[in-house]
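Open the model in your viewer and keep the selection tool at hand. The stops below go one selection at a time.

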Amino acid sequence: MSERKFKYVGTRPIRHDGVEKVTGRANYGADVVLPGMLQGAIARSEHAHARILSIDTSKAEALEGVKAVVTAADFPDIPCEWKGGAAGGTDFGELSRNIMARDKVLYHGHALAAVAAVSPEIAREACKRIEVNYEVLEPVMSLDAALAPGAPILHPDQEPMGIESEGPTNVTNRLAFEGGDLDAGFADADVVIEREFTTPMVHQGYIEPHACTVRFNEDGKYSIWCSTQGPFSVQMSSAIVLAIEPNLVKCTPTEIGGGFGGKTTIYLEPVAMLLARKSGRPVRIVMSREEVFRASGPTSGGRVRMKLGAKRDGRFVAGDCEIWLEAGAFRGSPAGAAAMTGLSSYTFPNFRIQGYDVVVNKPKVAAYRAPGAPISNFAVESCVDEMARELRIDPIELRLRNAVQEGDRAPYGPTFKAIGLRDTLEQARNHPHYKTPLGESQGRGVACGFWFNAGMQSSAIVSVNTDGSAVVRTGNPDIGGSRVSLAMMAAEELGIPVERVRPVVGDTESVGYTDLTGGSRVTFATGMAVIEAAQDAVQQLRERAAKIWGVDAKDVKWEDGIAHGCNGAADQDPMPLKVLAPKLGATGGPVVGRAQVNPAAAGPGFATHICDIEVDPETGRSQVIRYTTIQDAGKAVHPSYVEGQMQGGAVQGIGWALNEEYLWDDDGVIENPGFLDYRMPVASDVPMIDTVIVEVPNPTHPYGVRGVGETPIVPPLAAVANAMRAATGVRFEQLPMSPPRVLEAIDRNGR
Amino acid sequence: MARVVFSSTQRALVDGAESVELEARRVVDLIEALYALYPKLAGQLDHAAVAIDGDIYNEGRFQPLEPTSEVHFMGQVSGGR
Amino acid sequence: MAKLHIETRINGEPTEFLCEGQQSLLDALRNALGLTGTKEGCTTGDCGACSVMLDGRLVPSCLVLAAETQGRTVDTIEGVASGDQLDPVQQKFLEHAALQCGVCTPGLIVATRALLEKNPDPTEKEARFFLAGNLCRCTGYDKIIRAVLDAAAELRGDAA
């Protein structure tokens, strides 16, 4: 496998959808226009926590130009029940209540009603005329408030999972992993570091707001065009929420302007479906940026208590990690994933990890790039850095002494196969960055990070055109260059140039079921389906050439896009695909290869990041001046897009570390629902992000590919904090490390 | 005999056992056997992901098991990107 | 209220359209004129996805009233390529894989051209500061800056 010489894989061709995207022709969610289309708007809660006593929509309905109004009364009452295990699942009743509040509003901005009108202005004006009577309740705006005795309870009727609770609680789930003997481990430790860390709720920050357009046909079928990471999950979830059969819903994914996990769930689709059915006209709803911040998926704010014990020689002997994550208004934070990833970079003979899911009056969290992992990793890697200082061991050396490798058991159970963590650490130690001298007020930090990567279901169709080109059809929206990577894998098997393979993203009626674009799975799992579909096509092409030559298919081999006779047929003139393709009709009809897979996980992804930061001691302002990411990507199919994932994830993580946070007032109102005050990194905030791709082949993939996209956001929080520690002498236990906080900490530290 | 290793959350449902060895040809047979052995576990593994010798399957009910297989049940692994 | 009749020049073409007094240029471009290459990311002038040129000056079209374009010239992403030729900035964005999701790309290309018109030989720092009004959440800016500097070199006629 690793011996295979690739012709296209590993090169850097221009993406097939590139010209459409640099010319503005590509259609994103809000670019869909249908004849007779109405514009939708959503009325949202003014309170963070309140009982809905009544909603009166009559004044909205009376407004000229309003064609339909819906509230929760128009939605079927889906029961709330957790589908899935303690560590992950969905509650469609709660999904429905998040899409449209029923009985209670649970965060400021929670949808209450929706309007379709002939213009967006009229729709918005109608929303203002909807009258709601509330019984205002005390909002629960922090983990402390949620866990306090006597705290207001968001869901008094809900039974928590994994814990015994006396009476109602805002803790909905506890998950734990243990091994060895924790007390004995700490007793055996020469040095113990124990600290508590907090991180704020942050948003994925995709530039394209959520948007969808729906047409309802009189035969009961809905057509949805929307910006989503998973057209099949839109189809399935929308159908469940509206209690209709999924086959009545067709979802066509538009181009998607970023998602990072935030577009794996639904907000607008069932609302637009009901409005379209009620009005008899197509309806488009586009969120404003403010709505994106108030009502679409952030990721959890969290608190992590970490205790790390080590021997003098640096060996870790015990790790104890306790994680509380805000789920937002409904259960389902990534506490499970945070727990499963937290201690996975190192071997701990004795360990305990506990994760708690806690509901608060904030927007319901959605997946965000390696969900939960950056939060627990921030705590663990900060403590590892402290331990290196305490033991006077180089931080990379300390990590190497404990880093997991093939054969080690992850704390959440299974045993690792070939993984590249140690390789990334070795590369970091030898990288010029690590040897670059630092100046005044500068510091350097190192951190590792881990994400599982997902497999899941994918299907692919590879069809050969009469001119000898090919089409690859899959069901994964292309969020960052996956089309070209998939085409490259088909090109590799077919032996034709990448430019002659056209990759197509299908809708839910033109390709077999495919799980969403998420979990770093597309190039791995869908890529695997494409390879197998292309191999299926090649097998058929060999049979066709055999038919033409009157020989057996086993006497035809396929090399570089050319059929060659072999064995008894060696005297046949080689036949390139271009010559064979026009003859397919005469030899049995078109050649269509197909494949479907549901592979095991994509091979764990590990990375090591190095960050240099400069801090102005007068203002507390910091600037990342040098940053290097080193990651095991398995085989990198298109190295530019692998690097792009590494760089983008690093910068998202830098934003999380230094500036990004939701700010709330006492009533639970978000004070910064815009890009001016929710400060994401801009071009002048960051340096070039150096990348080193380590290629430890993933044994479960034919080319050795492993997932890439999520791991890069896991190390930066700690890498930046560790650099900050080196630059200022202060251990930051709270993110973001914004200038006022840094200045205060420096002053408190007496520097 | 496939060996099932329990997480500490699961241990509460299996009388504190850390692991158990059971005869099973496929994951689904193993789950049946576990439910029969530990009634409190019933239904809990229906949607779980399964790791067989380190490979994690989100939907692995019909995966075959070797006599030496080590099995873990865990939450489904998805993710954000 | 009667709509306003606006006569302007968009991507070199004399163009007439109707708009409300409060309507933004972004809204008019996308919804009245079908020029959806200009993207909406925030409507508060903070993301740069809706960048266009107004009388040769870079503006966020969400903060310009459509009516203000009366008698003026507007250039959008749709006018950047000429005939069947991409602009060198567009070509360099493709070659450097300077886009992932691509939704910020039209605004960044318009802004990059504005930069290079003003400053044909920007340093990395100058490029970063000029483009600080264009948010990109996918790339971490590295490949964008490389594409911009390479496009500048190409436009100057330097061998890249």
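Select helix H11 (residues 373-391) and helix H12 (residues 395-402) of chain A. Show the side chains of Val384(A), Asp385(A), Met387(A), Ala388(A) and Leu391(A) in H11(A), which meet Pro395(A), Leu398(A) and Arg399(A) in H12(A). Contact here is judged by C-beta atoms, placed from the backbone, that lie within 7 Å of each other. Helices (H or I, at least four residues) and strands (E, at least two) are DSSP runs, numbered from the N terminus. By class, the contact of H11(A) with H12(A) has six nonpolar, no polar and two charged residues. In this scheme Ala, Val, Leu, Ile, Met, Phe, Trp, Tyr, Cys and Pro are nonpolar, Asp, Glu, Lys and Arg are charged, and the others, Gly among them, are polar.

How are the two helices set against each other? They pack at an angle of about 110°, and their axes are 9 Å apart. Axes are lines fitted to C-alpha atoms, for helices over the stretch in contact, and angles run from 0 to 180 degrees between N-to-C directions. H11(A) and H12(A) are therefore roughly perpendicular to each other. The classes are: under 35 degrees roughly parallel, over 145 roughly antiparallel, 65 to 115 roughly perpendicular, and the rest oblique.

A note on what is on screen: this is a predicted model, in which local features need pLDDT of at least 70 and side-chain atom pairs count only at pLDDT 80 or more, while totals for chains, interfaces and linings use all residues. Residues are numbered from 1 along each chain as its sequence is written, and chains are lettered from A and ligands numbered from 1 in the order in which they are written.

**A five-stranded sheet in chain A**

Select E9, E19, E18, E17 and E10 of chain A, which form an open sheet in that order with mixed pairing. Two strands pair if DSSP finds at least two bridges between them. Strands of a sheet pair through backbone hydrogen bonds, either parallel or antiparallel. At the edges are strand E9 (171-179) and strand E10 (191-199) of chain A, each pairing on one side only. On average, neighbouring strands of this sheet are turned by 10° against each other, direction ignored.

Zoom in on E10(A) and strand E17 (residues 302-310) of chain A, an antiparallel pair with nine bridges. Pick Thr199(A): its bridge partner in E17(A) is Gly302(A).

**A four-stranded sheet in chain A**

The next selection is the open sheet E23-E22-E21-E27 (chain A), also with mixed pairing. Its edge strands are strand E23 (501-505) and strand E27 (592-597) of chain A. Neighbouring strands are turned by 15° on average, direction ignored.

Strand E22 (residues 470-474) of chain A pairs with E23(A) in the parallel sense over five bridges. Pick Thr474(A) to find its bridge partner in E23(A), Val505(A). Helix H16 (residues 522-549) of chain A lies across strand E21 (458-464), E22 and E27 of chain A, at about 145° to E27(A).

**Chain C**

Colour chain C by itself. How many helices and strands does chain C have? There are five helices and five strands, in the pattern β-β-α-β-β-β-α-α-α-α along the sequence. Its C-alpha atoms fill a box of roughly 55 × 30 × 25 Å along the principal axes. Mean pLDDT (the predictor's confidence in each residue, from 0 to 100) is 96 for chain C, with 98% of its residues at 70 or more.

**Where the chains touch**

Select the side of chain C that touches chain A: 43 residues of chain C are in contact with 42 residues of chain A. Its largest share, four residues, comes from H2(C). By class, this side of chain C has 22 nonpolar, twelve polar and nine charged residues.

Turn to chain B, where 24 residues are in contact with 40 residues of chain A. Here the largest share, three residues, comes from E4(B). The residues on this side of chain B divide into seven nonpolar, 13 polar and four charged.

Finally, show chains B and C together: they do not touch, and their nearest C-alpha atoms are 11 Å apart. For the complex, the predictor gives an ipTM of 0.98 and a pTM of 0.96.

Note on methods
Two residues are in contact if their C-beta atoms, placed from the backbone, lie within 7 Å.
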